Amino acid sequence: MGGKHCCVVGCTNSSKKTGQGTNYFGFPKDAEWRSPLIAAVNRCDSGFNPDSMHICSAHFEPSCLLLHD
C-alpha cells in the first residue's frame, strides 16, 4: 500500500494518487486541536486510529493552512 491516505469518510485521496499537489496532515497531539478534528472526521469504526491517520488538504480552507517549503 504505502504512502499516506486521507481518513475522511468518502475521500479517496492518497499521496500516491495526488502527488505533490495535496498535503497530508497527522492529528495534532494537543487535545484542544485534536478533539475537534476527531469529531469532524466522524469515524467510529475499529480501524480508526488518529495516531497513525492523516487528513488531506482538500478538507481545509486554503486560508487556514500555513505551509512551509
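The legends below describe close-up views of a predicted model of one protein chain.

**Figure 1. Overall fold of the protein chain.**
The chain contains 2 helices and 2 strands. Read from the N terminus, these elements follow the order α-β-α-β. Along the principal axes, the C-alpha atoms occupy a box of roughly 30 × 30 × 20 Å. The radius of gyration is 12 Å, which agrees with the value near 11 Å that a compact globule of 69 residues would have. Of the contacts between residues at least 6 apart in sequence, 53% connect residues at least 24 apart.

**Figure 2. Surface and charges of the protein chain.**
Of the 69 residues, 26% are buried. The chain carries 6 positive and 6 negative side chains. Across the whole structure, 3 salt bridges are found. The next views show these pairs.

**Figure 3. The salt bridge between aspartate 51 and lysine 29.**
The closest N and O atoms of aspartate 51 and lysine 29 are 3.9 Å apart. A salt bridge is counted when a side-chain nitrogen of Lys or Arg is within 4 Å of a carboxyl oxygen of Asp or Glu, so this pair qualifies. Aspartate 51 sits in the loop between α2 (31-41) and β2 (54-56), and lysine 29 sits in the loop between β1 (24-26) and α2, so the bridge ties together parts that are 22 residues apart in sequence. Are the two residues buried or exposed? Both aspartate 51 and lysine 29 are exposed.

**Figure 4. The salt bridge between arginine 34 and aspartate 51.**
Here aspartate 51 meets the side chain of arginine 34, with an N to O distance of 2.6 Å. This pair links distant parts of the chain, since arginine 34 belongs to helix α2 while aspartate 51 is in the loop between α2 and β2, 17 residues apart. Arginine 34 has a relative accessibility of 14% and therefore counts as buried. Aspartate 51, in contrast, has a relative accessible area of 53% and is exposed. Which residues make up the network of salt bridges? Lys29, Arg34 and Asp51 are linked in it.

**Figure 5. The salt bridge between aspartate 45 and arginine 43.**
In this pair, the closest N and O atoms are 2.8 Å apart. Aspartate 45 has a relative accessibility of 36%, so it counts as partly exposed. Arginine 43 is also partly exposed, at 22%.

**Figure 6. Surroundings of asparagine 13.**
Asparagine 13 belongs to the segment before α1 (15-18). Its relative accessibility is 18%, and it counts as buried because the cut-off for buried is under 20%. Which residues does asparagine 13 touch, leaving aside those up to four places away in sequence? They are His5, Cys6, Thr18, Tyr24, Cys56 and Ala58.

**Figure 7. Alanine 58 and cysteine 6.**
Alanine 58 is located in the segment after β2. At 55% relative accessibility, alanine 58 is classed as exposed. In sequence, alanine 58 and cysteine 6 are 52 residues apart. In space, their C-alpha atoms are 9.4 Å apart. Alanine 58 and cysteine 6 are both among the residues that asparagine 13 touches.

**Figure 8. Threonine 22 and its contacts.**
Threonine 22 is part of the loop between α1 and β1. With a relative accessible area of 17%, threonine 22 is buried. Setting aside residues up to four places away in sequence, threonine 22 touches Cys56 and Ser57. Cys56 is also one of the residues touched by asparagine 13.

**Figure 9. The backbone at asparagine 42.**
Where in the chain does asparagine 42 lie? Asparagine 42 is in the loop between α2 and β2. Its phi angle is near 60°, which is a positive value in a residue other than glycine. Asparagine 42 has a relative accessibility of 62% and counts as exposed. The loop between α2 and β2 also holds aspartate 51.

Definitions and conventions. Residues numbered from 1 in each chain as written. Predicted model: local features only at pLDDT ≥ 70, side-chain atom pairs only at ≥ 80, totals over all residues. Heavy atoms only, no water. Helix = DSSP H or I, 4+ residues; strand = E, 2+ residues; numbered from the N terminus. Rg over C-alpha atoms; globule rule 2.2 N^0.38 Å. Buried < 20%, exposed > 50% of the residue type's maximum accessible area, 1.4 Å probe, protein only. Contact = heavy atoms within 4.5 Å. Lys, Arg positive; Asp, Glu negative; His and termini not counted. Charge placed at Lys NZ, Arg CZ, Asp CG, Glu CD.
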